[in-house]
Amino acid sequence: MKVLGIDFSCALGALANGHFPEKDCLLPLISKLLGYAIVAASTTVKLPQIMKILQNGSVRGLSIVAFELEVVGYTIALAYCLHKGLPFSAYGELAFLLIQAIILVAIIYYYSQPVGMKTWIRALLYCALAPTILAGQIDPILFEALYASQHAIFLCAKIPQIWANFSNKSTGELSFLTNFMNFGGSMVRVFTSIQEAAPKSVLLGSVIGVATNATLLSQIIIYQKPKPRAEKEKKTE
């Protein structure tokens, strides 16, 4: 019995015979289910961050470069997967994350007025190059080099925000929920990468994601300032 490419026959057969599925049967099934869960969860992972900015009307403490680099990283990773003809279940979250990341950057631009000339140049360069990259219309060797660089891009995307948090001793409008979901997704991808014997480069990317998102989560907890007593009393009235 297969559903969305997931084979349930092994587990269902064992349960029908009154036995708990063996590890060799259960772990691959869990890995596949978790993979689809990541794709489903990715449709909303950045919404808490978007909503927090819109509710407060502020991007205080957020690094524009960090979010721009995320867009670049998602674009390269998605383009590579499309070019290689991988099944949607293997990269589906990248499409949803890219759409949300672009919306998030646009919102940050809106609340960061006036936006400098360098920022507009970066945005225009992305708009000019992204369609070509997503269409796979670049040299194959360059494509492989771009994909190989994505781990460095995602790492560099987190460093400006981590440094800004450290320098300001505050995480500003950074969303705990979004970063928690990113951390959880990275943890799951570490498990699925090991279980499915993914290339070491894929596993490395997930490990980097765990480390950087754990750092951001710890900063949000450490630098979180308690709300003024007067504000709390107003909410309880």
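**Figure 1. Cys127 and Cys156 in the predicted model.** Cys127 is exposed, at a relative accessible area of 55%. The model shown here and in every later view is a predicted one. Cys156 is partly exposed, and its relative accessible area is 39%. The cut-off for exposed is over 50%. Cys127 therefore counts as exposed at 55%, and Cys156 at 39% therefore counts as partly exposed. How many disulfides does a search of the whole structure find? The search returns zero. A disulfide would be a covalent bond between the sulfur atoms of two cysteines.

**Figure 2. Overview of the chain.** Eleven helices and two strands make up the secondary structure. The order from the N terminus is β-β-α-α-α-α-α-α-α-α-α-α-α. The chain has 237 residues, and 40% of them count as buried. Among contacts with a separation of 6 or more, 79% are between residues 24 or more positions apart.

**Figure 3. Helix H8 against helix H10.** H8 spans residues 150–168, and H10 spans residues 200–223. The two helices pack with their axes 10 Å apart, at an angle of about 10°. That angle makes H8 roughly parallel to H10. H8 contributes His151, Leu155, Lys158, Gln161, Ile162, Asn165 and Phe166 to the contact. From H10, the contact residues include Ser201, Val202, Leu204, Gly205, Ile208 and Thr212. Also on the H10 side are Asn213, Thr215, Leu216, Gln219 and Tyr223. By type, the contact residues of this pair divide into eight nonpolar, nine polar and one charged.

Figure 4. Ser201 sits in helix H10. Is Ser201 buried, exposed or partly exposed? Its relative accessibility is 37%, so Ser201 counts as partly exposed. Ser201 and His151 both belong to the contact between H8 and H10. In sequence, Ser201 and His151 are 50 residues apart. In space, their C-alpha atoms are 8.3 Å apart.

Figure 5. The structure holds four salt bridges. One of them pairs Lys46 with Glu70, with 3.0 Å between the closest N and O atoms. This pair links distant parts of the chain, 24 residues apart. Lys46 is in the loop between helix H2 (23–41) and helix H3 (47–56), while Glu70 is in helix H4 (residues 64–84). Lys46 and Glu70 are buried. Glu70 and Lys158 are both buried. Together, Lys46, Glu70 and Lys158 are linked in a network of salt bridges. Lys158 also takes part in the contact of H8 with H10.

**Figure 6. The Glu173–Arg60 salt bridge.** Glu173 forms a salt bridge with Arg60, and the closest N and O atoms are 3.8 Å apart. The cut-off for a salt bridge is within 4 Å, so this pair qualifies. The two residues lie 113 residues apart and link distant parts of the chain. Glu173 is in the loop between H8 and helix H9 (176–195). Arg60 is in the loop between H3 and H4. Glu173 is buried, with a relative accessible area of 7%. Arg60 is partly exposed, at 48%.

**Figure 7. The cis peptide bond at Pro114.** Which residues does a cis peptide bond join? They are Gln113 and Pro114, with omega at about -5°. Pro114 is found in the loop between helix H5 (88–110) and helix H6 (117–134).

**Figure 8. Lys169, with a positive phi.** Where does Lys169 lie? Lys169 is in the loop between H8 and H9. Its phi is near 55°, a positive value in a residue other than glycine. Lys169 counts as partly exposed, at 42% relative accessibility.

**Figure 9. Helix H3 and the glycine that follows.** Which residues of H3 are buried? They are Pro48, Gln49, Ile50 and Ile53. An α-helix has 3.6 residues a turn, so residues three or four places apart point the same way. Gly57 follows H3. The phi of Gly57 is positive, near 60°.

Conventions. Residues are numbered from 1 along each chain as its sequence is written. This is a predicted model: local features need pLDDT of at least 70, side-chain atom pairs count only at pLDDT 80 or more; totals for chains, interfaces and linings use all residues. Side-chain values use heavy atoms; hydrogens and water are left out. A disulfide is a pair of cysteine sulfur atoms within 2.5 Å. Buried means under 20% relative accessible area, exposed over 50%, partly exposed in between (1.4 Å probe, protein chains only). Helices (H or I, at least four residues) and strands (E, at least two) are DSSP runs, numbered from the N terminus. Axes are lines fitted to C-alpha atoms, for helices over the stretch in contact, and angles run from 0 to 180 degrees between N-to-C directions. Angles under 35 degrees count as roughly parallel, over 145 as roughly antiparallel, 65 to 115 as roughly perpendicular and the rest as oblique. Contact means heavy atoms within 4.5 Å. Ala, Val, Leu, Ile, Met, Phe, Trp, Tyr, Cys and Pro count as nonpolar, Asp, Glu, Lys and Arg as charged, and the others, Gly among them, as polar. A salt bridge is a side-chain nitrogen of Lys or Arg within 4 Å of a carboxyl oxygen of Asp or Glu.
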